[in-house]
Amino acid sequence: MRILVTGGAGFIGSHVVDAYVAAGHEVAVLDNFSTGNEANLNSAAEVHRVDLRDQAAVEKVVASFRPEIVNHHAAQSEVPKSVADPGLDAHINIVGGLNLLKASVDHKVKKVIFISTGGALYGEPDVVPADEDHPVRPLSPYGTSKFSFEQYLGTFKRTFGLEFTVLRYANIYGPRQDFYAEEGRVVAIFASRMLERKPVTIDGDGEQSRDMLHVGDAATANLAALERGEGEIFHVSTGVPVSVNDLFRKLAILTDYKIAPNHGPRRKGDVYRIALNNTRARRDLGWEPRVSLEEGLSLTVDYFREQVLQAPV
Ligand SMILES: NC(=O)c1ccc[n+]([C@@H]2O[C@H](COP(=O)([O-])OP(=O)(O)OC[C@H]3O[C@@H](n4cnc5c(N)ncnc54)[C@H](O)[C@@H]3O)[C@@H](O)[C@H]2O)c1
């Protein structure tokens, strides 16, 4: 198949590109490299350095590559940035995404696979693990822009016949995640700081929990969505809550880190306990997570160990 992956130079998108290329597909990447990285690019994929907000440029890429599938990972993906500048978040995540949908209709794309969020949609969930029908009540503009775009997909299917599948990710971790980022990337931040023997700060009491999925499992869900899941929304998740204290302990063992953590204030607006039920993805996508937390953390530490050793001092 011919597949256009937006955000294919980013953390998760680049793993998806690798999986598609390995499965024999013809892949092109559309990315503006705002947070993406040249080093993540797969050499078998053609690359278009384009901003989603540039309607004419997006149209040109779709017109020339003529994808059958558009896999849409590019986004303003940071919650604090969306709080600081909700207009910018909406411009990229909604208006930019609509440029892609319009071009997809005009050039007869069969299906759009859209990457949404599970973690930022439900607020503090009523049930853990929450399923996809849990009431939506985002606490951030980022959650709202992702949910709005899901709604547009429904409209484009009903009105123009453009097929879609939505993947609502849990917290994804693994190699290539930006480990100097301040926000939200707990495994990357803990692992890199532990390897550098720097102090680690846990927000609040550390008993807050998240659903942690290895990026390799996110990639296989994108393979499954090529053939299945038309018109559906799926959690791509483990279904199991893991506390930040647990992550700290497991990573400390893997990195031989002996320093006790500091505790900072609890982060305002943070969900306390969440996990996402993945029964629907198991049933309708035929997908399941394969990488255990222990194995995934160990693979991630190996990667960051190489990065830390290579980093200029
Ligand atoms: N990391 C997670 O745990 C997580 C959880 C839920 C959902 N997601 C979603 O997964 C997707 C990928 O996230 P990631 O963690 O890999 O982040 P990332 O920042 O590494 O990837 C985003 C990519 O999009 C590109 N991009 C950003 N704005 C663009 C624009 N205007 N035009 C073209 N390209 C643009 C960036 O350069 C980058 O390569 C995002 O849609 C994000 O919302 C991620």
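1. Basis of the note. Residues are numbered from 1 along each chain as its sequence is written, and side-chain values use heavy atoms, with hydrogens and water left out. Because the model is predicted, local features need pLDDT of at least 70 and side-chain atom pairs count only at pLDDT 80 or more, whereas totals for chains, interfaces and linings use all residues.

2. The shell around the ligand. There are 28 residues around the ligand, of which D31, T35, H73, Y142 and K146 come nearest; a residue is near a molecule if one of its heavy atoms lies within 4 Å of it. The shell divides into 14 nonpolar, 10 polar and four charged residues, where Ala, Val, Leu, Ile, Met, Phe, Trp, Tyr, Cys and Pro count as nonpolar, Asp, Glu, Lys and Arg as charged, and the others, Gly among them, as polar.

3. A polar backbone atom of N32 is 3.2 Å from a nitrogen atom of the ligand, while oxygen atoms of the ligand are 3.1 Å from a polar backbone atom of S34 and 2.8 Å from one of H73. The protein buries 93% of the 820 Å² that the ligand exposes when taken alone, with areas from the Shrake-Rupley method and a 1.4 Å probe. Two or more residues of the shell come from each of α1 (11–22), β5 (111–117), α5 (141–160) and β7 (171–173); helices (H or I, at least four residues) and strands (E, at least two) are DSSP runs, numbered from the N terminus.

4. Strand β6. Seven of the seven residues of β6 (residues 163–169) are buried, so the strand is largely enclosed by the rest of the structure; buried means under 20% relative accessible area, exposed over 50%, and partly exposed in between (1.4 Å probe, protein chains only). E163, T165, L167 and Y169 point one way from β6, and F164, V166 and R168 point the other way.

5. Neighbours of β6. Strands pair if DSSP finds at least two bridges between them, and β5 and β6 do so in the parallel sense over seven bridges, with T165 in β6 as the bridge partner of I113. On the other pairing, four bridges join β6 to the parallel strand β10 (residues 233–236), where F234 stands opposite L167.

6. Two buried side chains. H235, found in strand β10, counts as buried at 0% relative accessibility, and its side chain reaches the backbone oxygen of A130 at 3.4 Å and has a polar atom 3.0 Å from the backbone oxygen of N277. N222, in helix α7 (residues 215–224), is buried with a relative accessible area of 0%, and a polar atom of its side chain lies 2.8 Å from the backbone oxygen of A218.

7. Backbone points to check. Most residues other than glycine have a negative phi, and most peptide bonds are trans. The bond from V128 to P129 is cis, with omega near 0 degrees, and P129 is in the loop between β5 and α5. R66, in the loop between α2 (55–65) and β4 (69–72), has a positive phi near 50 degrees. D256 has a positive phi of about 55 degrees and is partly exposed, with a relative accessible area of 48%.

Key:
A polar contact is a pair of N or O atoms within 3.5 Å; within protein, one must be able to donate a hydrogen and the other to accept it, and residues adjacent in sequence count only if both atoms are side-chain atoms.
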